[in-house]
Amino acid sequence: QVQLVESGGGLVQPGGSLRLSCAASGSIFRINAMGWYRQAPGKERELVAQYTIAGSTNYADSVKGRFTISRDNAKNTVYLQMNSLKPEDTAVYYCNAKLLTRSLTLGDYWGQGTQVIVSS
């Protein structure tokens, strides 16, 4: 079994900052990609930021220059530093990991989601 545990959401004023964390645990052999998606009310879930085992990092155009994804490989943890937050960043943020388990099964795993509200 694999678990993703997120933390760090909350209410912040426009222009403020938040840092999200996501730790993966369980029967993990290799993480191929790990990152963050978000879903705002009435909208589809979208990729926010992701890194891959190949070393590439992808960001949504709407967050480039404001959000930074980082990782701690030893802890199977990924972080999302969100600066200059805007009301349109309000959404539930989900951690995602595409990984190979110790039983050599490829899987797509999701965290429970953490709410981010940007409002004055």
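**Close-up 1. Asp108 and its salt-bridge partner Lys98**. In this predicted model, Asp108 is partly exposed, because its relative accessibility of 44% lies between the 20% and 50% cut-offs. Its side chain meets that of Lys98 in a salt bridge, with 3.3 Å from N to O. This pair links distant parts of the chain: Asp108 sits in strand β10 (residues 106-110) and Lys98 in strand β9, ten residues apart. Lys98 is partly exposed too, with a relative accessible area of 28%.

**Close-up 2. The salt bridge between Arg38 and Asp89**. Here the closest N and O atoms of Arg38 and Asp89 are 3.0 Å apart. The two residues come from distant parts of the chain, 51 residues apart: look for Arg38 in strand β4 (residues 28-39), and for Asp89 in the loop between β8 (77-82) and β9 (91-101). Arg38 counts as buried, because its 5% relative accessibility is under 20%. Asp89 is buried as well, with a relative accessible area of 0%.

**Close-up 3. A network of salt bridges around Arg38 and Asp89**. Step back from the pair and two further residues, Glu46 and Arg66, join the picture. Salt bridges with shared partners connect Arg38, Glu46, Arg66 and Asp89 into one network.

**Close-up 4. Asp61 paired with Lys64**. These two residues form a salt bridge whose closest N and O atoms are 3.1 Å apart. Asp61 is exposed, because its relative accessible area of 64% is over 50%.

Definitions and conventions. Residues are numbered from 1 along each chain as its sequence is written. This is a predicted model: local features need pLDDT of at least 70, side-chain atom pairs count only at pLDDT 80 or more; totals for chains, interfaces and linings use all residues. Side-chain values use heavy atoms; hydrogens and water are left out. A salt bridge is a side-chain nitrogen of Lys or Arg within 4 Å of a carboxyl oxygen of Asp or Glu. Helices (H or I, at least four residues) and strands (E, at least two) are DSSP runs, numbered from the N terminus. Buried means under 20% relative accessible area, exposed over 50%, partly exposed in between (1.4 Å probe, protein chains only).
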